[in-house]
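Good morning, colleagues. Please look at the sequence and the structure on the screen while I begin with a single residue and then turn to the sheet.

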Amino acid sequence: MLIVHHLNNSRSQRILWLLEELGVPYEIKKYERTPEQQAPPELLAISPLGKSPVITDGDVTLAESGAIVEYVITKYGNGKGVPPDSGYLDNLYFSHYAEGSLMPVIVQKITFDLIPKRSPFLIRPFVNMIFSQLNKQLVQPEMEKHLTMIETHLQKSTSVFFAGGQEPTSADYQMAFPLEVIVVDAPQVAGPKIKEFVRAIHEREAYKAALSKGGEYSYAKL
């Protein structure tokens, strides 16, 4: 049986959602973050980078959520999770864009916010001033471009989903995590269509089932 090596508050939550949507039997092996919010060393026994999500499926061990989503849909989808022909390119683009372009900006923002908080007390005001300016000059303009592009795309979509179909596809599974982070941590910058997307996936029964099985997840509540 397929096993999801699941880390709390991580991208692996979207793998649980995918499996629930497709009705794939699976087991969960849970891992908890360290006090420093890092993945625990036990994950190194599963994958050489020690990151989550990771799945094991018979002789297959696979990391990287994009690769996992594609593998699961291809092997277990039975026609589900496939975009309409009209949404093929949108699905292809946003499936890769989520981690390739959007998440690096989000991680940069989180890092720039975190460094002043973890700097020595005596120099913290100085460090905070520097990184506040870096955020303002480098991160915020880039984030605005990304969010405008996403909002515009969703406004044009024929459904709430990125490929314009009636069911989620790989683009939605991939875009879910970064948009959840934005809606929860910075709701003031998220447009109405982005919020509608996050709300729509959270209302799905498969998502709720995944949430109940996955445990603690700061970006959605039962």
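The residue I begin with is S47, which sits in the loop joining β2, residues 26-31, to β3, residues 54-57. Please bear in mind that this is a predicted model.

Is S47 buried or exposed? S47 counts as buried, because its relative accessibility is 7%, and the cut-off for that class is under 20%. Which residues does S47 contact, once its neighbours within four places in sequence are set aside? The contacts are with V54 and A63. V54 falls in β3, the strand at the end of the loop that holds S47, and A63 falls in β4, residues 60-63.

That brings me to the sheet. Four strands form an open sheet with mixed pairing, and their order is β2-β1-β3-β4. At its edges are β2 and β4, each of which pairs on one side only. From one strand to the next, the twist averages 20 degrees.

β1, residues 2-7, pairs with β2 in the parallel sense, over six bridges. Within this part of the sheet, L2 stands opposite Y26 of β2.

Finally, the helices. Helix α7, residues 205-214, packs on the sheet and touches β1 and β2. The direction of α7 makes about 45 degrees with that of β2. Helix α1, residues 12-22, lies across β1, β2 and β3, and α1 runs at about 145 degrees to β1.

Thank you for your attention.

Note on methods:
Residues numbered from 1 in each chain as written. Predicted model: local features only at pLDDT ≥ 70, side-chain atom pairs only at ≥ 80, totals over all residues. Heavy atoms only, no water. Helix = DSSP H or I, 4+ residues; strand = E, 2+ residues; numbered from the N terminus. Buried < 20%, exposed > 50% of the residue type's maximum accessible area, 1.4 Å probe, protein only. Contact = heavy atoms within 4.5 Å. Pairing = 2+ DSSP bridges. Axes fitted to C-alpha atoms, helices over the stretch in contact; angles between N-to-C directions.
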